[in-house]
Amino acid sequence: MAETVWWKRGTVYQVYPRSFQDTNGDGVGDLAGITQRLDYLAWLGVDAVWISPVYPSPMADYGYDVADYCGIDPLFGTLADFDALVAEAHRRKLKVILDFVPNHTSIAHPWFAEARASRESPRRDWYIWRDPAPDGGPPNNWLSNFGGPAWTLDPATGQYYYHAFLREQPDLNWRNPAVRAAMYDAMRFWLERGVDGFRVDVIWHLIKDDDFRNNPANPDFAAHLPEINRFTQVYSADRPEVLDVIAEMRAVMRAYGERVLIGEIYLPMERLMAYYGPDLSGADMPFNFQLIQTPWRADAVAELVENYEAALPEGGWPNWVLGNHDQPRIAARIGERQARIAAMLLLTLRGTPTLYYGDELGLGRVPIPPDRVRDPWEQNEPGHGRDPERTPMQWDGGPQAGFSSVEPWLPLSPDAETRNVEALQDVPGSMLTLYRRLLALRREHAALSTGSYRTVATQPEEVFAYERAAEGRVLRVVLNFGEGAHEIPLPEETAWVVLLSSNAGRAGERATGRIVLAGAEGVILLAV
Ligand code: TEU
Ligand code: CA
């Protein structure tokens, strides 16, 4: 088989740097901490680490408000620490993917200071300024993703600036060629330093309607949803010209060889597919959040996988993800038992999986006392805060779970003493062992990484089964989404051997004609 690019074969592990490992005793994770834990990532068996933003930032949105695209915030370390991280990662054959945040800067970025200084500033058009509506209010009905209007009046110059997120995160004007050139230079800065790719933040937001038309009301709005959902974001984001920008980004990266462009895109399936771009000139991997958004039922997930596979453009490479720093953790959403088969699903579907740190421990929703809330979204719209899924990684049963020598910036999970890497790493039935076995199997069997995919029909209603095949080998994955046992029919003409079960102790078992799965059990079978 032809050599496949690393990001198609490999798996990605997301680190939220504030919460991975603190090395200087300030309660916040840092770059040296990530470097220190690279051996763990290599042991676990992932191929790439994606690091959420570490640029200089006032941290209004914990680094997603960038004040300098070519630096490292002192909280996280120095450029030298970054270079050391890249070198140490590469020494272990791990790739490094940086989070790139091009849609908006921090209000503290020097570009914004210049832009806001006067209407005549040469930098004015780097951001999005509009005159007030006739009544003095915002120019249109666009809302902030974190609640309230997306426009803030700058009294000194009498105009509003646009911010899709916090008012501390003014949107750049990507219709301005000078903005594009400056941002492509920033990408080159990191590519020169050896980064293997970018996860591009809110890439579908880069271009907005040039007439700033009002978004239409969303008929599906319900009170429990964040306010942004009052309107359908058809004019404030996802404009067709964004694909030209992404193609330009890809062209910048292509000059450096096999680097990957992952785009963060929250859009329905058909629109998501557009981000592969005409003739695949777009994102290598438009993030597929469908597993996060689909009810956890065998039939719903089977249908989703079929639809996604069918919707992919010719040559478009799939990807899957169960969680990230913006979403409730998978174990919190579906429970720890089901989270085990979710892990099996994630790591056996066709396409690149992205893991979220801590999910391999089965970490749940960590309770955050009111005085410990950090996410500004929680302050704006209570109930929507993301702190419960951003808590420190749990390394051992010692003080602060081995994360830090002092009280961490967010509380540890109450079960940190038992739910940690040290406690789970040698336990046959643990979630961590399951993740590690799955990652090893994926490396061992081309069928699981680059192989074909086929849904197996006629299963019990609560069961989802599929086959992956490559190089003459057929693997069958059978996942029980129910809590009761099920007898699963298998083709009579083939003998099967269990490569891995989500319940410890079944590997090596042989099956013909049928196999019985316990409640919430998943198995990977090899045709022999
Ligand atoms: O997230 C973008 C984004 O759309 C989410 O905040 C989304 O609104 C929410 O999770 C609902 O599903 C990215 C980053 O991942 C996030 O951490 C940043 O806060 C945001 O962009 C602004 O940069
Ligand atoms: Ca630190």
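Start by selecting Gln327 together with ligand 1: in this predicted model, an N or O atom of the Gln327 side chain is 3.0 Å from an oxygen atom of the ligand. While you have the ligand on screen, think about its surface. On its own, ligand 1 would expose 490 Å², and the protein buries 90% of that.

One of its side-chain N or O atoms comes to 2.8 Å from an oxygen atom of ligand 1. Then pick His325, where a polar side-chain atom sits 2.9 Å from a ligand oxygen.

Now widen the view to the whole shell. How many residues surround ligand 1? There are 19, and the closest are Asp61, His104, Asp201, His325 and Asp326. Color the shell by residue class and you'll get 7 nonpolar, 5 polar and 7 charged.

Last stop, zoom out and select residues 14–390. An unreviewed UniProt entry annotates that stretch as "domain: Glycosyl hydrolase family 13 catalytic". In cartoon view, this range is 29% helix and 11% strand.

Methods
Residues are numbered from 1 along each chain as its sequence is written. Chains are lettered from A and ligands numbered from 1 in the order in which they are written. This is a predicted model: local features need pLDDT of at least 70, side-chain atom pairs count only at pLDDT 80 or more; totals for chains, interfaces and linings use all residues. Side-chain values use heavy atoms; hydrogens and water are left out. A residue is near a molecule or strand if one of its heavy atoms lies within 4 Å of it. A polar contact is a pair of N or O atoms within 3.5 Å; within protein, one must be able to donate a hydrogen and the other to accept it, and residues adjacent in sequence count only if both atoms are side-chain atoms. Accessible areas come from the Shrake-Rupley method with a 1.4 Å probe; for residues, only the protein chains shown count as cover. Ala, Val, Leu, Ile, Met, Phe, Trp, Tyr, Cys and Pro count as nonpolar, Asp, Glu, Lys and Arg as charged, and the others, Gly among them, as polar. UniProt positions are given in the numbering used here, feature names are shortened, and annotations may be inferred rather than shown by experiment. Helices (H or I, at least four residues) and strands (E, at least two) are DSSP runs, numbered from the N terminus.
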